[in-house]
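Hi everyone, thanks for coming.

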Amino acid sequence: MNGLAMLAFSTLISTGGNQCSSAAVAGGKICPPSTLRVAFFYISLYMVAVAQGGHKPCVQAFGADQFDPSDPEESVSRSSFFNWWYFGMCGGTAVTLVFLSYVQDNIGWGLGFGIPCVVMACALAVFLLGTRTYRYYVSGSKKGVVARAGEALAAWRNRAKSIPLLPPASQECHPTATSAPEFSTGVEEDEQVVGKAGLVEQAKGIVRLFPIWATCLIYAVALAQSSTFFTKQAGTLDRRIGDHIQVPPAALQSFISITIVAIIPVYDRVIVPVARRYTGVPSGITMLQRIGAGMVLSLVSMVIAALVETRRLRAARDAGLVDKAGVPVPMSLWWMVPQYVLFGAADVFTMVGLQEFFYDQVPDKLRSLGLALYLSIFGVGSFISSALVSGIDRATAARGGSWFSNNLNRAHLDYFYWLIAALSALELLAYGYFAVTFKYKNKNKGALLATSTSC
């Protein structure tokens, strides 16, 4: 919220004095921003990024912790929670892209950043109102999740040197089993084993997820194009609706959110109950099956994007606009809608599936870390996308024609989309192998450890 407030305030800081502003208007030049304005802008961006990194994994884990996985009804509700969580997130995104993009382009960036700040303040107030009704997860350990994860990985690395610890003499045998504690926090207790053995198990629980993590990175690379090159393409097309309305290129991203908002209720209320009758799985299909289905849709979306870009380039050549980058290509903006819609459908499966998977399959007390791993897929995927673009740009520019020329009519984004589609196909094969061989976490492990009486 503070970061958004600073963003809004940065738009009010002078760009460099009245003389500079007058010269800009008269000469048609853009005045460089003042040092103070640049500092405010970047500090606020980093504040928003840091806040999102801490907020997203923790608040989502906290929400899912409100459901008891040992209760059949609440277990089903917890699976639905991830659907409706993403529904709310994308509903907000759709409003933002349609409404705020118009405000920012036609009224001002100050109001465009100020509105989200006010909305965040209201959201914080609503969250605090529910404080007395939440279930809380009380941990016996005073160490944070990062410290626990570090200890677990260190213990796993040194597991060959570790010696199993014998229980103290006073606790060697118990005539009766100790029952597992009653659910009071929304999380099963699976860490009754204390010491190095328990830490090694936690480390294994994290490390075994990395093949799934790694084989989802190309999905993140493909998704990154929807907010970058897709938008740049849209800016070259005929974006008119009637005689007076021109659609902002970024507004096309709203079709992803609109598709998600439209599909999730159908998926949760129709597809899941029907699938549950045949599979017996509370969520209809398994988490890994859901992720894989979304990856297939993402692959199809990239193929369609490549075909649409090929048609756009042909339309530019036929109209003699190859060297006229500022003139709209005589091709309707709506040609790009299918690829956005398919990405929205892919997100319903893969994004929500990944959220549930990385929450459910990590050791119980490291669930925030699990959701942080899920978010890191898209951070690392964006870096991979940038590295691919930079490398391909240097290689193709050296041959005389960059795939990413500033004049998109001379670029070859279609080749780049075909490359991502090919990488997605290879990724899907690798993912299929690891998904088939993956063994889901034993839900009853905590209860078994709690009732163990071996000496």
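This is a predicted model: local features need pLDDT of at least 70, side-chain atom pairs count only at pLDDT 80 or more; totals for chains, interfaces and linings use all residues.

Residues are numbered from 1 along each chain as its sequence is written, and side-chain values use heavy atoms, with hydrogens and water left out.

Okay, the overview. The chain has 16 helices and four strands; these are DSSP runs, H or I of at least four residues for helices and E of at least two for strands, numbered from the N terminus. Of its 455 residues, 40% are buried. By buried I mean under 20% relative accessible area, with exposed being over 50% and partly exposed in between, using a 1.4 Å probe and protein chains only. Now take the contacts with a separation of 6 or more: 80% of them are between residues 24 or more positions apart. A contact here means heavy atoms within 4.5 Å.

Next, the core. In soluble globular proteins, nonpolar side chains tend to be buried together. For us, a nonpolar core is a set of buried Ala, Val, Leu, Ile, Met, Phe, Trp, Tyr and Cys residues joined through side-chain atoms within 4.5 Å. The largest one in this chain has 78 residues, and those with the most contacts inside it are Phe357, Phe358, Ile377, Phe378, Phe416 and Tyr417. Which helix gives the most to this core? That's H13, residues 337–360, with 12 residues. Apart from this core there's another, of five residues, including Leu4, Leu7, Phe113 and Cys117.

Let's zoom in on Phe358. If we skip neighbours within four places in sequence, Phe358 touches Leu209, Trp213, Arg367, Gly370, Leu371, Leu373, Tyr374 and Ile377.

That brings us to helix pairs. Two packed helices are described by the angle between their axes and the distance between the axes. The axes are lines fitted to C-alpha atoms, for helices over the stretch in contact, and angles run from 0 to 180 degrees between N-to-C directions. H13 and H14 (residues 367–398) cross at roughly 145 degrees, with axes coming within 7 Å. Their crossing is right-handed. On handedness: left-handed is when the near helix is turned anticlockwise from the far one by less than a right angle, and right-handed is when it's clockwise. On the H13 side, the residues making the contact are Met351, Leu354, Gln355, Phe358 and Tyr359.

For reference, under 35 degrees is roughly parallel, over 145 roughly antiparallel, 65 to 115 roughly perpendicular, and the rest oblique. H11 passes H13 in a right-handed crossing, and Tyr267 is one of the H11 residues in the contact.

Tyr267 is among the buried residues of H11, along with Asp268 and Ser254. After H11 comes Gly280, with a positive phi near 75 degrees.

One more pair: H1 (residues 2–10) and H5 (residues 109–129). They pack at about 160 degrees with their axes 8 Å apart, so they're roughly antiparallel. This crossing is left-handed. The H1 residues in the contact are Leu4, Ala5, Leu7 and Ala8.

Last, two single residues. Glu309 and Tyr417 are 108 residues apart in sequence, yet their C-alpha atoms are 8.9 Å apart. Beyond its sequence neighbours within four places, Glu309 contacts Gln233, Leu408, Leu413, Asp414 and Tyr417.

Arg208 sits in the loop between H7 (196–207) and H8 (210–214). At 27% relative accessibility, Arg208 counts as partly exposed. Its C-alpha is 8.5 Å from that of Phe438, 230 residues away along the chain. Again skipping neighbours within four places, Arg208 contacts Gln361, Phe438, Lys439, Tyr440 and Lys441.
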